Amino acid sequence: QLQASGGGLVQAGGSLRLSCTASGRYFVGWFRQAPGEERDFVAAISRYGLRTYYADSGKGRFTISRDNAKNTVYLQMDSLKPEDTAVYYCAAAGGDPRRPSSRTEYDYWGQGTQVTVSS
């Protein structure tokens, strides 16, 4: 039900835009997981885009948005750093999560897309 895309290799300071296409209109979050690390919250957006949430690590650099006509959520990532290297996953919640940063609030997960930032 979720398809993530847009990852790749980029130099530090560069940008990438990730896309997450869903089969319906969901509350969507982005998470990332580096090797040997837990899957961490990155950003989330409500169903109509009225509310957005960000982890401290991405504030001021990442922007989450959505185009409901295309059932697609975007994560624009600017000023990328090597520590942003991870597999990025999008996730969808059937309801409105009380804690958007918690993995347990999400019902569906995409397959992940690799983001690699070289120094």
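**Close-up views of a predicted model**

View 1. Ser5 stands opposite Ser19 in β3. The model is predicted: local features need pLDDT of at least 70, side-chain atom pairs count only at pLDDT 80 or more, and totals for chains, interfaces and linings use all residues. Residues are numbered from 1 along each chain as its sequence is written, and side-chain values use heavy atoms, with hydrogens and water left out. β1 and β3 (residues 16-22) run antiparallel and are joined by 4 bridges. Strands are DSSP runs (E, at least two residues), numbered from the N terminus, and two of them pair if DSSP finds at least two bridges between them.

**View 2. The open sheet.** In the order β1-β3-β8-β7, 4 strands form an open sheet with antiparallel pairing. The edges are held by β1 (2-5) and β7 (62-67); each has a single partner strand, so one side of each is left without a neighbour in the sheet. From one strand to the next, the twist averages 15 degrees (axes are lines fitted to C-alpha atoms, and angles run from 0 to 180 degrees between N-to-C directions).

**View 3. The disulfide of Cys20 and Cys90.** Cys20 and Cys90 form a disulfide, with their sulfur atoms 2.2 Å apart; the term denotes a pair of cysteine sulfur atoms within 2.5 Å. Cys20 belongs to strand β3 and Cys90 to strand β9 (residues 86-93), so the pair ties together parts that are 70 residues apart in sequence. The link is right-handed, with 75 degrees about the S-S bond. Both Cys20 and Cys90 are buried, meaning under 20% relative accessible area (1.4 Å probe, protein chains only).

Note on methods. Buried < 20%, exposed > 50% of the residue type's maximum accessible area, 1.4 Å probe, protein only.
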